[in-house]
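Biologist: Can you take me through this model?
Modeller: Here it is.

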Amino acid sequence: LSEYEALAAARLQRMVYDYYAGGANAERLLRRAPAAWESLTIRYRVLRDASRTALGCTILGKAHDWPVLVAPTAFQRMAHPDGELATARAASGARTAMILSTLSTTPMEAVAAATAAPWWFQLYIDRDRGRSEALVRRAEAAGCGALVLTVDTPLLGRRERDVRNAFHVPPELPVPHLGEVTRDTLATGADGGSALAATFATHLDRGITWRDVAWLRGLTSLPVLVKGV
């Protein structure tokens, strides 16, 4: 994976690479995350008959070849024209689930058609609850297997790389799960800073609580997973 990261740094536009690679403020927590993962070890057992091994598991009633899922990542067509479609095809080939971001640059219907594997939809709760409800209905109709509610961004961290780069999503690139006004904010931002920060501050609901999890559960028969605990 570190080799792919180096290739991305050499190939992508600076604004795009910094968006994918960056974190908040001085990025101390970003630097600590790999060390935290590397501190984990797998304790092995011997003389346990390893003639037949498998990493398969069942998640929400669906079989997966291995217990690793594709996390929701926004704006993938900023990196490559195929964007989320390529990711969906890769998830299908690996027989694992893909979680599609609200901030996808490809419609959920097209992603659903591109993968034979389960896919879930990541959801932010909009200040306009009607928009969020419409996305839930749309995900149900498209064959989504679960909703993944993001709860750890009531306030977006100050991503200084994005501020310096005046991060924005070019207006010609679709973000089909957003309303027109929200999409306009994402294209222009405010005062030359991060358009993503302006979008979160203006359109997403900072006040969500456990009551809103109950509200979401009342809308749908789909499983609801809470992401960011």
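Modeller: A note on terms: contact means heavy atoms within 4.5 Å. This is a predicted model, where local features need pLDDT of at least 70, side-chain atom pairs count only at pLDDT 80 or more, and totals for chains, interfaces and linings use all residues. Residues are numbered from 1 along each chain as its sequence is written, and side-chain values use heavy atoms, with hydrogens and water left out.
Biologist: Which residues is Ala112 in contact with, leaving aside neighbours within four places in sequence?
Modeller: Trp119 and Ala142.
Biologist: Is Ala112 buried or exposed?
Modeller: Ala112 has 18% relative accessibility, so it counts as buried; buried means under 20% relative accessible area, exposed over 50%, partly exposed in between (1.4 Å probe, protein chains only).
Biologist: Where is Ala112 found?
Modeller: In helix H5. Helices (H or I, at least four residues) and strands (E, at least two) are DSSP runs, numbered from the N terminus.
Biologist: Switching to H6, which residues are buried there?
Modeller: Ser132, Leu135, Val136 and Ala139. They are on the same side of H6 because they cover an arc of only 100° around the axis, taking directions from the helix axis to the C-beta atoms.
Biologist: What do the buried residues of H6 pack against?
Modeller: Helix H5 (108–114), strands S4 (119–123) and S5 (147–150), and helix H10 (210–219).
Biologist: And what follows H6?
Modeller: Gly143, with a positive phi near 95°.
Biologist: Where is confidence lowest?
Modeller: In strand S2 (residues 62–64), at a mean pLDDT of 87; pLDDT is the predictor's confidence in each residue, from 0 to 100. The chain averages 94.
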